[in-house]
Each structure stands twice: as C-alpha cells, then as structure tokens.
Amino acid sequence: MKKVIFAAALAALALVGCKKAEGVYVADTNSPVRFVAQNIGTYTVKAEAIEAADQVVGVFAGDPINRNNVQFTVKAGKTLESATTLYWGATQTDPTPFAAMYPYDGTTEDVQDGSFEYVINNYEHANKFMTAYVSAAKGNDVVLPFKHPFAKLVVTVDATALENDAVKEVKIGNITQTGTVNLLANTVTAGNKVADPVTPEVVEGKYVVILYPEETNPVIYVSTLAGDTYAFQLAANYTFVAGAVATATVTVKGGAGDAGQGGLGAPATVGSFTVAEWGEEASAGTTEAASGTEVATDWWYLIGSVNSTVWNKAFALTASANNTLTITFTYNKPANAGDEGFKLVKVAKAGVSAFVADISTWNTAVIAEAGSNDTSATITVGTEYSAFGENDGNLKFAEEGTYTLTFTPIGYKINVTKE
C-alpha cells in the first residue's frame with residue numbers, strides 16, 4: 001500500500017480545530033473515547049478483510065479532538081485499544097465525526113482532512129481495504145461500522161462450447177480504478193475510467209476486478225488461444241454499489257468448424273448482473289455471445305490417409321497454447337500408394353463442410369516442398385521441421401501408427417511423437 005496506492009499519505013489534522021470559533025480544545029482526561037469495531041466479525045470469513053483480533057486500524061477524529069491516523073488494535077470483543085488515548089473535549093457539546101481505515105499504514109503524511117487518492121492496482125490490498133465513519137456524542141461508545149468502500153465484479157467464463165480452443169485471457173474495460181477517498185467527509189469519488197482494459201485477478205477459476213462505485217457499463221473481453229476475441233456488455237449502464245458484488249457468467253462458442261460469433265460488430269449483450277453482499281458472490285445466469293470483435297475466420301485442419309479415411313474428411317487441430325496447435329491421429333497406409341500421406345490446411349471456418357470436395361477452398365496448405373529440409377517428405381519422430389512449402393507433395397511417416405503432431409503456424413514448425 002505504501003508504494004502503490006497513495007499519491008500523498010495521510011497527515012495530521014490538528015490544525016482543523018483552529019478553524020472553529022469555539023476556542024482551544026482542552027482534553028477531558030476523565031472522559032476517554034471508547035471505540036468498538038462493528039462488522040469486523042461479519043467480515044472475518046466473508047471478505048477476509050479483518051481476519052481476527054489484533055489487527056491494526058487507523059483512527060481519525062474531527063472537531064474538536066482533531067487527531068489523525070492514530071494506531072488502534074482490534075481486541076477480543078471488537079474493542080479498540082491504543083497506546084495513545086483520545087479524550088472528549090472538556091466543554092464539548094457537539095458530536096465529533098470519527099473515521100477509520102484498515103489496514104493501518106503508519107507512514108502516511110501530507111494529506112488534508114483525511115483525504116487521499118487511491119489507485120486500485122493491488123488486488124490483495126483493495127480486497128481487504130475497509131473504512132468506517134460515524135458521528136458520536138460525548139459519553140457514548142464510538143461504534144465504527146467498517147465496510148468496503150469499493151465494488152467488486154466477478155465474471156465466470158463458460159468455455160465448454162469452445163470447440164478445439166481455450167480461453168487465453170480475460171480483460172475488463174470501461175471501469176474506474178482511480179479516485180479519492182475522504183474519510184471524515186465519508187465520501188468515495190471515482191476519477192477517470194481506465195485507458196485500457198484491465199486484467200482481472202483469477203480467484204478459484206473466476207475473473208475478479210475491484211472498481212469504484214459508479215454507474216457504468218463494463219465491457220468483458222474474452223480472448224482465446226486461436227486468436228478470437230469476444231466482447232460482452234450489458235444492454236444499459238449498471239450502478240455498482242460500495243460493498244456489493246456483481247456477478248455474471250458469459251458463454252463463448254467458437255473454434256474449428258464454426259463461423260464464429262460475429263466478426264466486427266457491437267459487443268454481445270449480457271442479460272444482467274446478480275448482486276450480493278461482498279463475500280457472498282451469487283451465481284448469475286449464463287449469457288451467450290451474440291457477436292464479437294476480432295474473430296478469426298479460419299482454422300487449421302489435417303486431411304489425408306488418416307483415421308481410417310482417405311482424403312474425404314478433415315480433422316481440426318486444437319489450440320493448446322499461443323501459436324501452438326496439436327492433434328493426435330492414426331496414420332494409415334492406403335490401398336492406393338498415391339493416396340498415402342497428409343497435409344495441414346488452413347480453411348475458412350464457414351467453408352469446412354465444402355472444402356473437401358473443392359480443393360480451391362483451401363487458404364493455405366502446409367506440405368512437403370522440394371529443397372526443404374526434408375525432401376523425401378517423410379517425417380522423422382522427434383525431429384523438428386520448418387519451412388514446409390505450399391506447392392508440392394504430401395507429408396508422410398515411414399510406418400503406420402498413432403501420432404501426436406504439434407504445429408506452430410508462425411514459422412510452420414512441426415514436431416511429432418509416436419505412441
């Protein structure tokens with residue numbers, strides 16, 4: 001927190017009292033202020049914010065006490081104890097505003113009236129960060145109601161229908177992660193929205209981002225290993241509330257043999273967010289992508305004398321990593337020696353059902369080429385091949401069997417293992 005979230009740290013508020021016309025503050029040493037933390041037990045399990053007793057918080061007091069960031073420790077029974085005692089004013093009749101924040105940071109200074117900039121770029125800290133505010137009269141316990149000043153968005157990506165592909169990353173845009181927290185004014189003010197989509201934290205397989213409370217319409221971008229990017233968005237703006245968790249599930253479909261979910265166009269509509277109290281994330285209904293952006297229009301397939309077929313069926317490779325496709329298949333020796341071998345072909349997704357009968361639908365074919373590093377076109381297991389051409393014979397193996405082929409489209413590199 002010390003290095004990443006404050007533009008300037010919290011500072012003494014002692015001069016604030018000088019603004020009042022009531023006179024100089026005189027402590028009533030017979031009337032110490034007694035603090036009690038509220039909601040700490042509630043949040044112990046649900047948000048992992050204040051996990052147990054002996055956690056440390058910073059306490060702020062307004063007129064006429066005017067003290068800033070006094071270190072207090074949460075004890076059993078949720079009372080707060082400190083080496084520094086705060087006292088009510090000797091002649092005080094008006095209530096005093098009190099504020100607190102967790103976790104405590106003892107290096108804070110140079111911030112007016114308990115106001116500071118907070119940049120949400122440390123998930124662990126932001127997930128635990130809590131504030132409290134109350135106005136209390138002399139003679140009463142000061143019960144500090146700790147709560148999360150930010151909102152949380154939890155996204156589940158259902159990729160079970162993503163054929164021969166997998167989710168590479170998720171990003172979320174059109175949200176705000178900078179702003180100002182004013183403890184004694186009890187305000188949280190959102191700043192400018194992020195310039196670029198942010199990468200959420202992955203928590204138990206879900207994508208989680210913490211943001212400022214605001215009315216906005218986040219865009220959820222889901223990118224796949226094969227190069228597709230799908231976008232999801234609500235039909236209208238949504239109001240994110242402090243201390244609440246909004247959840248949604250989005251479903252992506254695509255991959256080999258699928259023309260994709262849109263091409264260039266508006267982001268898909270997410271039906272709604274389900275809201276729960278922070279720490280009790282609810283499950284939302286599934287929403288499929290109706291359209292997407294930057295959607296790949298073609299795919300790599302294997303065709304030949306393979307899997308008991310003879311050049312009459314294509315088999316999709318599977319995206320297994322960035323720029324890496326794999327396929328496991330059975331290599332057959334056909335009755336007609338001229339039919340032996342296979343090719344890797346890239347073809348438009350929409351043309352998959354037709355390209356077998358019409359060779360002209362092949363966009364690219366990776367095959368043997370005279371003058372390459374394997375002029376015989378026979379691939380040796382365990383050897384990497386590259387720069388295969390596009391205008392010559394079939395790729396072959398010396399013997400039948402089950403093979404796993406790994407293909408790198410950029411560089412046309414091929415590696416093979418045999419079971």
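Visitor: Why is N174 called partly exposed?
Guide: Its relative accessible area is 31%. Buried means under 20% relative accessible area and exposed over 50%, with partly exposed in between (1.4 Å probe, protein chains only). Before we go on, two ground rules. This is a predicted model, in which local features need pLDDT of at least 70, side-chain atom pairs count only at pLDDT 80 or more, and totals for chains, interfaces and linings use all residues. Residues are numbered from 1 along each chain as its sequence is written, and side-chain values use heavy atoms, with hydrogens and water left out.

Visitor: What makes the approach of N174 to T216 a polar contact?
Guide: A polar atom of the T216 side chain lies 2.8 Å from the backbone oxygen of N174. A polar contact is a pair of N or O atoms within 3.5 Å; within protein, one must be able to donate a hydrogen and the other to accept it, and residues adjacent in sequence count only if both atoms are side-chain atoms. At 2.8 Å, the pair is inside the distance limit.

Visitor: Why is the pair of Y331 and F397 called edge-to-face?
Guide: A pair of aromatic rings is described by the distance of the centres and the angle of the planes. Rings of Phe, Tyr and Trp (its six-membered ring) pair if their centres lie within 6.5 Å; planes under 30 degrees apart count as stacked, over 60 as edge-to-face and the rest as tilted. By this rule there are 17 aromatic pairs. One of them joins Y118 and F150, which are 5.0 Å apart centre to centre with 55° between the planes, so the pair counts as tilted. Y331 and F397 are also 5.0 Å apart centre to centre, but the angle is 80°, so this pair is edge-to-face. Y331 lies in strand β31 (residues 324-331), and F397 lies in the loop between β33 (362-366) and β34, 66 residues apart.

Visitor: Why do Y331 and F397 count as buried?
Guide: Y331 has 0% relative accessibility and F397 has a relative accessible area of 2%. Both values are under 20%, so both residues are buried.

Visitor: How do you know that β34 and β35 pair?
Guide: Two strands pair if DSSP finds at least two bridges between them. Strands β34 (residues 401-408) and β35 (residues 413-418) have six bridges, so they pair, in the antiparallel sense. T404 stands opposite T417 in β35. Four residues lie between the strands of this hairpin, where G411 takes a positive phi near 105°.

Visitor: What makes K418 a charge over a ring?
Guide: NZ of Lys or CZ of Arg must be within 6 Å of the ring centre and within 35 degrees of the ring normal. The charged end of K418 is 5.7 Å from the centre of the Y403 ring and sits over that ring.

Visitor: Which peptide bonds are cis?
Guide: Among them are the bond joining D63 and P64, with omega about -5°, and the bond from Y102 to P103, with omega near 0°. P64 is in the loop between β3 and β4 (67-74), while P103 is in the loop between β7 and β8.

Technical notes. Helices (H or I, at least four residues) and strands (E, at least two) are DSSP runs, numbered from the N terminus.
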